[in-house]
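Let's take a walk through this chain together, starting from its overall build and working towards individual residues. Have the sequence and the model open beside you as you read.

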Amino acid sequence: MLVGGVSGRTGPHSLPLARIKRIMKRSSDDVRMISAEAPVVFSKACEHLIGVLVRRAWAAALRRKRRTLLKEDVAAAVANTDVFDFLVQVVQQQPK
């Protein structure tokens, strides 16, 4: 069994499983049924992805001598990590 943080409204998971299941069903017309374990595994994978991304963004903020995460820190974390190449277009910096 996968163990996560304890939350009163979602059980032992940080992300709401019902919402994850709904997103999974809406992802394709071919998806009709989802096993009970699939949203739990997907939730843990998302938690891990978010954790790694936030740690790298936090490191970017500390390098700039700040204690507040900004969009630029997340963008720097994505740009400096090959694993996050799929997020580059999402976090591209907007011209000011």
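A residue counts as buried when its relative accessible area is under 20%. With that cut-off in hand, take Leu-53, which lies in helix H2. Its relative accessibility is 16%, and therefore Leu-53 counts as buried. Please keep in mind that the model is a predicted one.

Now step back to the whole chain. Its secondary structure comes to 4 helices and 0 strands, and reading along the sequence gives the pattern α-α-α-α. Of the 96 residues, 24% count as buried. The accessible surface comes to about 7,400 Å², and carbon and sulfur atoms hold 58% of that surface. How much of the contact pattern comes from residues 24 or more positions apart? Among contacts with a separation of 6 or more, such pairs account for 30%.

Let's begin with the packing of the helices. Two packed helices are described by the angle between their axes and the distance between the axes. Helix H1 covers residues 17–26, and it packs against H2 at an angle of about 105° with the axes 9 Å apart. H1 and H2 are therefore roughly perpendicular to each other. On the H1 side, the contact is made by Leu-17, Ile-20, Lys-21 and Met-24, and on the H2 side by Ala-38, Pro-39, Val-40, Phe-42 and Ser-43. By type, the residues of this contact divide into 7 nonpolar, 1 polar and 1 charged.

While you are at H1, have a look at Arg-22, which lies in this helix. Is Arg-22 buried, exposed or partly exposed? It counts as partly exposed, because its relative accessibility is 40%. Arg-22 and Pro-39 are 17 residues apart along the chain, and their C-alpha atoms are separated by 9.5 Å.

Next, follow the chain along H2 to its meeting with H3. The axes of these two helices come within 8 Å and cross at roughly 110°, so H2 and H3 are roughly perpendicular to each other. The crossing in which H2 passes H3 is right-handed. H2 brings Leu-53, Arg-56, Ala-57, Ala-60 and Ala-61 to the contact, while H3 brings Asp-73, Val-74, Ala-76, Ala-77 and Val-78. These residues divide into 8 nonpolar, no polar and 2 charged.

Setting aside residues up to four places away in sequence, Leu-53 touches Val-74, Ala-77, Val-78, Phe-84 and Leu-87. Leu-53 and Val-74 are 21 residues apart in sequence, and 7.2 Å separates them in space, C-alpha to C-alpha.

Further along H2 you come to Ala-57, also found in this helix. Ala-57 is buried, because its relative accessible area is 1%. Not counting residues up to four places away, it touches Leu-69, Asp-73, Val-74 and Ala-77.

Leaving aside neighbours within four places in sequence, Asp-73 is in contact with Ala-57, Ala-60, Ala-61, Arg-64, Arg-66 and Thr-68.

Most residues other than glycine have a negative phi. Lys-65, although not a glycine, has a positive phi of about 60°.

Conventions. Residues numbered from 1 in each chain as written. Predicted model: local features only at pLDDT ≥ 70, side-chain atom pairs only at ≥ 80, totals over all residues. Heavy atoms only, no water. Buried < 20%, exposed > 50% of the residue type's maximum accessible area, 1.4 Å probe, protein only. Contact = heavy atoms within 4.5 Å. Areas by Shrake-Rupley, 256 points an atom, 1.4 Å probe, with all protein chains shown as cover. Axes fitted to C-alpha atoms, helices over the stretch in contact; angles between N-to-C directions. Parallel < 35°, antiparallel > 145°, perpendicular 65-115°, else oblique. Left-handed = near helix turned anticlockwise from the far one by under 90°. Nonpolar A, V, L, I, M, F, W, Y, C, P; charged D, E, K, R; others polar.
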